[in-house]
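Trainee: Could we walk through this one together? I would like to start with the core and then turn to the sheet.

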Amino acid sequence: MAKMNMLHAINSALDITMQEHPQACVFGEDVGYFGGVFRATSGLQEKYGKHRVFNTPLTEQGILGFANGLAAFGAPALAEIQFADYIFPAFDQIVNESAKFRYRSGNEFNVGNLTIRTPYGGGIAGGLYHSQSPEAYFAHTPGLKIVVPRNPYQAKGLLRACIKDDNPVIFFEPKRLYRASTGEVPEEDYSIELGKAEVVQQGTDVTLLAWGAQMEIVEQTAKQASEQGISCEVIDLRSILPWDVETIAKSVTKTGRLIVSHEAPITNGFGAEIAATIQQECFLHLESPIMRVCGLDTPYPLALEKEYVPDALKVMAAIKQSMDF
């Protein structure tokens, strides 16, 4: 085990993949000698050469178009979109090409070797163009998988699973945690199963569900709640698509309460899908309405970032409201 931050863990996963597959390529804006804007790909070009780790033009649609072709050829395509805010020019390539390639060919062809990495979320004073959480846009797309890690151990294991998976995957990396989150991470290869949530803390009174950087906030809130005699079950969803209905429903059946928290705006955020499904699955077990503690329905504000973020105070208020219902 080595102590790594999230960037080191991601770099390690990419390094293992490059060693494992001679045809694997890492590409995106500034990922070569510069090592990416956050340095997640540092050292890879020097180790594997410019023909396998290379910069692309500033065209997200072009990056994903090339990625689809490379993956269709059979090579592991490890594409980076520099910020998730800039993934939208590539939306057509991802939603209409990557996600449908296997289906439209009757499983004759696929781009299952495609993994799209992109930093998402706020917390770095990045303003409206470097802080968005667009996971819900893609969660409406059959044929894709969507994964979000919460710490370095999860990041390496989940990224390796994404790369090995036989489907195109978008791997959203919470940029606020890149250097802030550190922990023990095996230096050797390992994978964490996709589509499975993790119960991080057992509890009996209320279920708190989140993913990515928001996990740190709900864990902090659970600790505060315990000091007031409220037992919280904390769950990291990890995979947005497919998502683990069974684990969440089992927890809510036990606690009778659910609070979902995510950074994206509340309206049509993925929390809405979770709330709709869980009320259907657990209606007779609910002690209070399912609640969502999320970002606001505004562009991500630079000056008011602290007010925008669903912090521990907001989650704690939701817990009390749910318990008092």
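Mentor: Gladly! A nonpolar core is a set of buried Ala, Val, Leu, Ile, Met, Phe, Trp, Tyr and Cys residues joined through side-chain atoms within 4.5 Å, where buried means under 20% relative accessible area with a 1.4 Å probe, protein chains only. This is a predicted model, with local features needing pLDDT of at least 70, side-chain atom pairs counting only at pLDDT 80 or more, and totals for chains, interfaces and linings using all residues. Residues are numbered from 1 along each chain as its sequence is written, and side-chain values use heavy atoms, leaving out hydrogens and water.

Trainee: How many residues has the largest nonpolar core?

Mentor: Leu237, Ile248, Ile274 and Ile278 have the most contacts inside it. At least three residues come from each of domain 1 (2-185) and domain 2 (198-324), with bounds from an automatic or database domain assignment. The size of this largest core is 49 residues.

Trainee: Which residue of β11 does Val206 stand opposite?

Mentor: Strands β10 (residues 206-210) and β11 (residues 232-236) run parallel, joined by 5 bridges. Opposite Val206 stands Cys232.

Notes: Buried < 20%, exposed > 50% of the residue type's maximum accessible area, 1.4 Å probe, protein only. Pairing = 2+ DSSP bridges. Helix = DSSP H or I, 4+ residues; strand = E, 2+ residues; numbered from the N terminus.
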